[in-house]
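Please read them against the structure.

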Amino acid sequence: MRNYIITLTLICFFQYACGQYPNFWLVSKNGFLDFNSSPPSYVKLPNGFYTEGRSTDLHYSFIASKLNGERRAFGSYYERDRRSGIDPILCFNKGYDTLPIQFSIPNNSIPQFASLSIRSSIPEHLAFNNGNLFQTVQYDDQVLIEDRDGIMRFNYVNDTARLDHVGLYRKIPADEHEQLVFRDDSTFYAMYIAWPSDSAIFELKYRIYNLLGELLDSSDIQFRNKVNNETNLQVTWVISANRSSQFSLIIREGDDYDDLNAYFFKISNDSINLIKKHFIAKSLNNPEIQGACYSPNDSFLYVSYHNGAPDYQTKLERLSIHSENQEELLSLGDYDVLKSLATAPNGKVYFHYHKENEIDVLDFIGQIDYPDSKPELILNRFFDNDVYYSKSYYGGFEPTTIIGIPQLRFKAKQKNCRDSFISCFSYSDEPFIHFNWELFTLDTVLVESKKGERVKLTPPKTGTYLVRLNGQDQYGKNSWCWLEVEFKKPFNFNPQSTNPRGYCAHNEIALHTNYQKDLSTDILHFTWQFGKNNNIVLTAIGDSILPVFKDTGLFDLKLLAQLNNCTDSIIISDYLTVHSGPKPGFGLSNDSLCSNNQILITDSASGPVDSSTFIWSDGQQFNGGGVHTRTFEKTGNYTVTQQLMGGRKPNVCQSSLQKSVHVMRGLSQNDSPNLKLATVNEPNVVTLYWQPLKGIAEHHIYKNSNWTFSAKATDSFYYDSMANTNSTSYQYTVLAIDSCGQKSGLSNNANNILLFVENENNSVAHLTWNAYNKWPNGVKEYQLESKLPGSSWGIIEGLSATSYSDFRILNLAVDTIYYRIKAIEQSGNEQISLSNEVATYTKSTLFVPNAFTPNNDGVNDVFKVGGFGLTSFTCSIYAHNGQLVAFSNNPDNIWDGKSSVNLKDYPAGAYSYVIKATTVQNEDSILTGNVVLIR
C-alpha cells in the first residue's frame with residue numbers, strides 16, 4: 001500500500017433523442033455505470049475501447065459528452081510499456097468504435113504535430129462550453145524538437161473527431177498543476193501553478209482566452225501573503241468547481257509537511273482572490289490526498305485523505321464554502337482506501353471504496369446524496385476483474401468534472417438602490433421546470449423562501465446574502481446552486497413640505513430631508529437643484545440647507561442623494577413659490593473704530609420697502625432709511641441688524657441683514673511698544689525688533705531722539721542701513737499710532753554695542769565697549785568672541801565688565817585677530833545683541849643674538865633666532881673667507897658650531913649670517929650680520 005497509482009476517468013453524460021435523461025458514466029475500459037436505475041447498474045461494453053495489447057500497468061481516461069445532439073466520447077490511454085507515458089488521443093462513436101481524428105490548424109505559422117497527447121497525469125485541465133470541449137494537450141514540435149503545450153477544441157463533424165487548435169502555452173513542467181476554468185460564456189482561464197526556487201512562494205499563473213483562442217490577458221500572482229508565510233508548502237491537489245468560477249487548493253504545510261489545509265479561491269473579472277481557508281487536519285504522518293470534489297451546487301468540498309505508516313487511516317470530510325462547518329463523514333481502518341470522489345450526472349457524489357484482506361480484494365461504489373451527511377455503499381465488485389489487483393497496487397475510476405449535464409443557472413441582484421428586494425430569475429437548461437428560491441444570511445440562517453421562475457427576495461437590512469436555487473426536472477431530479485449577493489437597503493428621504501404661503505426673495509429658506517440613517521457607516525450626500533424654465537438657477541449641498549432666492553416665481557426641485565455607491569433622486573415640480581420682497585442693504589463707514597469716535601450708517605435697501613429699522617445689539621434702534629450716525633463710548637463687539645417689511649398682502653415679506661462693528665479703546669501715553677532688541681547682524685546695519693500693540697496703524701522709529709522712519713502696522717522690525725556701526729552707538733525708541741490717530745508712549749531704549757580695540761606693542765589687545773541699554777531685566781553677561789581668518793567664532797570669556805585685555809597675540813603669531821561682543825538678556829525674551837566686528841593687526845618680528853657658546857652646558861649651545869609672524873625662513877652661515885659652514889630653515893636650531901660633513905668643531909671667532917624670511921603680510925625681508933662663536 002505504499003505506492004498508489006491514480007487512474008483517471010472523466011465524467012460522461014449521454015442523452016437519448018427521445019428526451020429521456022439516461023446517464024451513462026464510463027468507469028473502466030470495458031464498462032460504464034447506468035444511472036437510469038437506483039442504485040446505478042454496471043454495464044459491460046461488448047468490446048473494449050482499445051484494441052492494443054494489454055498491460056498490467058494500464059491507465060485510462062475518458063470524457064463523454066453530447067455533441068451535435070449525439071453522444072460521443074473522447075479519451076486517452078496510457079501504457080508505460082509502449083510509449084513511455086505518452087497518452088494518444090482517441091475518439092469513439094455511439095458504438096464505441098474508434099473514429100479518425102482530423103487536426104484543424106488555422107494558422108500556417110503554427111508547426112505541425114509529430115505526436116499529440118492529453119496530459120492525463122493532471123485531470124483538471126478541461127472545460128465544456130456551448131457544445132465544445134476544451135482540453136490542454138501536449139505535443140512534439142517537429143520544428144523545435146521539444147514538447148509544447150496547447151489548447152485544443154474538440155467537436156464532431158461527419159463521423160470525424162475534429163480537433164481545432166485554439167492556443168499555445170509555453171512548456172509547463174510536469175510537476176505543475178494545470179486547469180481550464182470558464183469565466184463566462186465567451187472566455188476561459190487557462191491556469192497553472194508554478195514553483196520558483198524558493199519553495200515557500202508559489203505563483204498562480206493564468207491566461208485568459210476567448211473562444212477563438214485569442215489571448216486576452218495574462219498575469220502571475222504570488223500567494224505568499226495570501227496563503228502562508230511558512231517555509232514549507234506543497235500543493236497536492238487542485239479542484240475546480242462544477243459550475244461556479246472558483247477552485248480550491250489542498251496544501252501540505254508545516255515543518256514536516258504534516259498539516260493539511262484547503263484554500264478556496266474565487267475568480268472575478270480582473271483578479272483571483274482567496275475567500276476562505278479550512279484546516280483539514282494537523283500533525284499527520286506523511287498525509288496523502290486520495291480524492292476531492294465539489295458538491296453539485298459548489299457549496300461543499302469533499303476531501304478523502306489518509307496518513308502514512310503504520311496505520312494508513314483514511315478519513316472522508318466535508319468542508320463548507322460559506323461557513324466554518326466541517327464534518328467527518330467516514331473514518332476507515334488499515335488498508336481501507338476511499339478515493340475517486342466525483343460529482344456524477346445525477347447530482348450525487350460518488351466514490352470508489354477499496355478494501356483488501358488476507359483472502360480477497362473488495363471494491364465498492366459509494367454515494368453521498370446531498371444534503372444527507374452519511375455515505376452508503378451501493379455496488380460491490382463493479383470492475384468485474386477489469387483491473388489488476390494486488391496488495392501493492394489497485395486501480396479504479398477517477399472522474400473529476402461534470403461534462404454535458406444540464407446546467408442550473410440564475411442571476412440575482414439588486415438593480416438599483418431604490419429597490420427593497422433582490423430580483424432573481426433562472427436561465428437554466430430545459431430539463432428544469434420547478435424552482436424554489438431560498439435567501440440565507442452568510443451564516444446560513446434562512447430568511448425567506450419563494451417558488452417560481454422569477455421571484456423577488458426581500459432582505460431585512462443592508463448586508464451580504466446567499467441566494468440558493470433548487471431546480472427540479474420533470475423526473476423529480478433535483479439540483480442546487482448558490483450565489484452571493486450584496487444588498488443595500490433603500491434610503492428613504494423627502495424634502496421638507498412646501499410652505500403653502502410661499503417664501504420671500506432675499507431671505508434664507510430653511511430646508512432639510514427627513515432621512516434616518518440605518519448604519520453608522522452611511523456616507524450620504526444630498527444635492528439640491530432648483531430650476532426654473534428648464535434652467536438650474538440655484539444649487540445647494542447638504543442634509544439641511546439655507547438657500548436665498550433672488551428671483552421670484554415657481555421653482556422646481558431635483559433632490560439627488562448618494563449613499564456609498566448608490567444614487568437616487570426625487571423630482572418635484574413647482575416645489576417653491578418665491579414672492580417679491582425687500583432686498584436689504586446698508587454700508588458702514590468703518591467696521592473697526594476707537595471709542596468716542598463716530599460711525600456712519602448708509603441705507604441702500606431696494607425693492608418694495610414699507611418699513612426699515614436698524615437695531616443694535618446693545619438695544620439702540622433707528623427707524624427709517626437714509627443715513628444714521630452713532631458714537632460709541634464703550635469698547636467691544638457690536639452687531640447691527642437691518643429689518644425690512646414690504647410686499648403685497650397677504651404675502652408681506654420680511655428680510656434682514658446683519659453686520660458687525662469692533663470698537664477699540666485707543667492708545668494712550670500709558671501704552672508703549674516693547675523694543676526687544678537692537679543688534680548688528682551685518683556691517684553698518686542695525687536691526688530693531690519690537691513687540692507690536694494691537695490695532696496699530698503705523699510705528700515711528702526714533703534714532704538719537706530724531707524721528708527716522710514710519711513702519712507699517714504689521715511690521716515688528718526695522719533695518720537701519722544708514723548706521724555707522726564702527727564709530728557710533730545709536731539710541732533707538734519706537735512709538736505706535738492707532739487707526740484713530742492716537743499715539744502711545746515711547747518704548748524702552750535700545751542701543752547697538754560699539755566695540756573698540758587697541759594693540760599694545762604686539763603683546764596685548766585692549767578691548768572696550770559700551771553697555772547694552774536697555775532690557776527690562778538687564779544684561780546677563782557679555783561674551784567676548786574672537787576668530788582667526790577663515791575660522792569660526794569662539795568664546796574667550798563671559799564678562800560683566802565692558803573692557804578686556806587679550807594677551808594671546810604673541811602666542812597666536814598671526815597677523816589678524818577678529819573680535820565681537822555678544823550681549824545676552826538676563827531673562828524675559830532671552831534676546832541676544834551683537835556688536836560690530838573689529839580686528840587687530842600684528843607686525844612680524846625677528847630677534848637675532850650676537851653670540852653663542854657650544855660647550856654643552858645646556859645654555860646658549862646653538863645659534864637660533866626668535867620672532868613671530870613669519871611664513872618662511874632660511875639662514876646661511878659663512879666663515880671669514882666666504883666659505884658656507886651651515887644652512888638651516890629652522891629658526892630654533894640654526895647651527896651648533898660643527899661641520900655638517902665630518903662633525904668637527906669650527907674654531908672660535910666671528911661668522912657672518914644671511915637671513916631670508918617672508919612675513920604673514922607676504923613681505924620678503926633679508927637680514928645680515930655677524931655672530932661670535934665662543935669656546
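**Notes on the model**

1. Y689, F717 and Y719 make up a nonpolar patch on the surface, and their accessible area together is about 290 Å². Areas follow the Shrake-Rupley method with a 1.4 Å probe, and for residues only the protein chains shown count as cover. Patch members have over 30% relative accessible area and no salt bridge; like charges are joined within 9 Å, and nonpolar side chains (Val, Leu, Ile, Met, Phe, Trp, Tyr) within 5 Å. Y689 lies in strand β52 (residues 685-691). Y689 counts as partly exposed because its relative accessibility is 30%; the classes are buried under 20%, exposed over 50% and partly exposed in between (1.4 Å probe, protein chains only).

2. On the basis of the numbers: this is a predicted model, in which local features need pLDDT of at least 70 and side-chain atom pairs count only at pLDDT 80 or more, while totals for chains, interfaces and linings use all residues. Residues are numbered from 1 along each chain as its sequence is written, and side-chain values use heavy atoms, with hydrogens and water left out.

3. A patch of positive charge on the surface is formed by K411, K413, K415, R454 and K456. Lys and Arg count as positive and Asp and Glu as negative, with His and the chain ends not counted; each charge is placed at NZ of Lys, CZ of Arg, CG of Asp or CD of Glu. At least two residues of the positive patch come from each of β29 (410-413) and β33 (454-457). Strands here are DSSP runs (E, at least two residues), numbered from the N terminus. R454 sits in strand β33 and is exposed, because its relative accessibility is 65%.

4. Which residues of β29 lie on its covered face, and which on its uncovered one? F410 and A412 are on the covered face, K411 and K413 on the uncovered one. In a regular strand, side chains alternate between the two faces of the sheet. β29 pairs with strand β30 (residues 422-426) in the antiparallel sense over 4 bridges, pairing being assigned if DSSP finds at least two bridges between two strands.

5. The model has 14 salt bridges, taking as the rule a side-chain nitrogen of Lys or Arg within 4 Å of a carboxyl oxygen of Asp or Glu. One of them joins R318 and E327 at 3.2 Å, N to O. R318 is buried, because its relative accessible area is 3%, whereas E327 is partly exposed at 29%. Another salt bridge is that of D671 and R665, with 3.2 Å from N to O. D671 is buried at 15%, and R665 is exposed at 53%.

6. What is the distance between the closest N and O atoms of K822 and E785? They are 3.3 Å apart, in a salt bridge. The pair links distant parts of the chain, with K822 in strand β63 (residues 816-825) and E785 in strand β60 (residues 779-787), 37 residues apart. Both K822 and E785 are buried. A network of salt bridges links E785, R820 and K822.

7. β63 is also joined to β65 by 4 bridges, and the two run antiparallel. I817 has T840 in β65 as its bridge partner. Strand β65 (residues 838-841) has V838 and T840 on its covered face and A839 and Y841 on its uncovered one.
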